[in-house]
Amino acid sequence: MLKPLISLLLLASAAAYATEPPLTASHYAQLLGAGMDVDWARTEKGIREFDPLVVRDFKAKGLTHVRIRVAGEPTEARLIHLRKLVEACNQYGVIPIIAYQADEYKNDPSGGNEKEVENWWIAVAHYFAQSSPLLGFDLIYEPAEKLNHNQASLNRVYDKTLRTIHAIDPQRMIFIAPRMRAAPEALSGLKLPPGSQNYVLAQWHIFPWGPLKSNGKYPWTSGTPAEKAAIRTRINTAIHWQQKTGHASWVGGWAPGETIKNAPSPSQLAFASFMACELKKAKIPYAINADTQFYDGEEGAWRPALEPLLNAMISPVCEKPGDKPGHHQLKPSAPDGTHETPAGASTVKSTAP
């Protein structure tokens, strides 16, 4: 009796696995949660200092994805290094997203440079074709410069590259960003392939380096009703685009200030909590900009003075309707990492491609 029973159980589990629905972009967006932009493959310092245990530290802190910014050609050494990063993310349960800077194309959106972007992704798509479906591709990091005035070229590159990648790797999740450095107001200019809602997401952002002075004024001081309303308006622009197109989106990077060296001010903490709460309320995942501000790669440890600010960005305590303002304490982030050996204890470092 036992053998037939085992056979039936195996058949049932195989059938359940076969009917398990494929990952969709909306589900993928839910899995992303709060993450961080990282320079592990962009700068010589970031490449040199990377240690796989850093990913464990990120996961313990409550970060669930990383946006791996990459510059330069897809050389063998660079691809090998990227694989090391992706494997570390897989090991510790952090979702990796590869983001290509495409600097030459942004500065000169010529036909030749359009093709170079496509060729870059052909190499990367082939190299990672067998990787976990959670690995994401962010096609162009912050489209700007001359692309601000060449929407046709941007849409052409996206269309060709999307089709090419999915001919190689049909299930891969892909992000495309609008011009004006991924401004939410420019989302409407994107042309997306029909029926692409299950595998194409938009990347956009506001406050990539925090509230910076513009025309002599800061867009955030103490968090006045007008300041909060202005931020909600920009987030709502993205929400309306999602509702109209059926596509999910992700904020690829935001920060509470251009440079952060000292303990955060009450204004910074208030801004960080407000932004994180508004994005969570909108069910839009986001990446924090950037790892070098909050994590000391050389020491392999979080910068202690900035941990309250980081915790406010990852795990804010948001006011609910009816709550009295100012009655919340910041929630501690990810207690599961408190007894881990710091990444700085590991001496295995990466070499530059």
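Student: Why is C277 called buried in this predicted model?

Tutor: A residue counts as buried when its relative accessibility is under 20%. C277 has 12% relative accessibility, so C277 counts as buried.

Student: What makes C318 partly exposed?

Tutor: The class partly exposed covers what lies between the limit of 20% for buried and the limit of 50% for exposed. C318 has a relative accessibility of 27%, and therefore counts as partly exposed.

Student: Why is C89 counted as buried?

Tutor: The cut-off is again under 20%. The relative accessibility of C89 is 0%, so this residue counts as buried.

Student: How do you know that a disulfide joins C277 to C318?

Tutor: A disulfide requires a pair of cysteine sulfur atoms within 2.5 Å. For C277 and C318, the S to S distance is 2.0 Å, and the pair is therefore called a disulfide.

Student: Which handedness does the link of C277 and C318 have?

Tutor: The link is left-handed, with -95 degrees about the S-S bond.

Student: How many disulfides does the structure hold?

Tutor: The structure holds one disulfide.

Student: What can be said of the protein chain as a whole?

Tutor: The protein chain has 353 residues, of which 49% count as buried. Its secondary structure comprises 13 helices and ten strands. The chain exposes about 17000 Å², and carbon and sulfur atoms supply 56% of that area.

Notes
Residues are numbered from 1 along each chain as its sequence is written. This is a predicted model: local features need pLDDT of at least 70, side-chain atom pairs count only at pLDDT 80 or more; totals for chains, interfaces and linings use all residues. Side-chain values use heavy atoms; hydrogens and water are left out. Buried means under 20% relative accessible area, exposed over 50%, partly exposed in between (1.4 Å probe, protein chains only). Helices (H or I, at least four residues) and strands (E, at least two) are DSSP runs, numbered from the N terminus. Accessible areas come from the Shrake-Rupley method with a 1.4 Å probe; for residues, only the protein chains shown count as cover.
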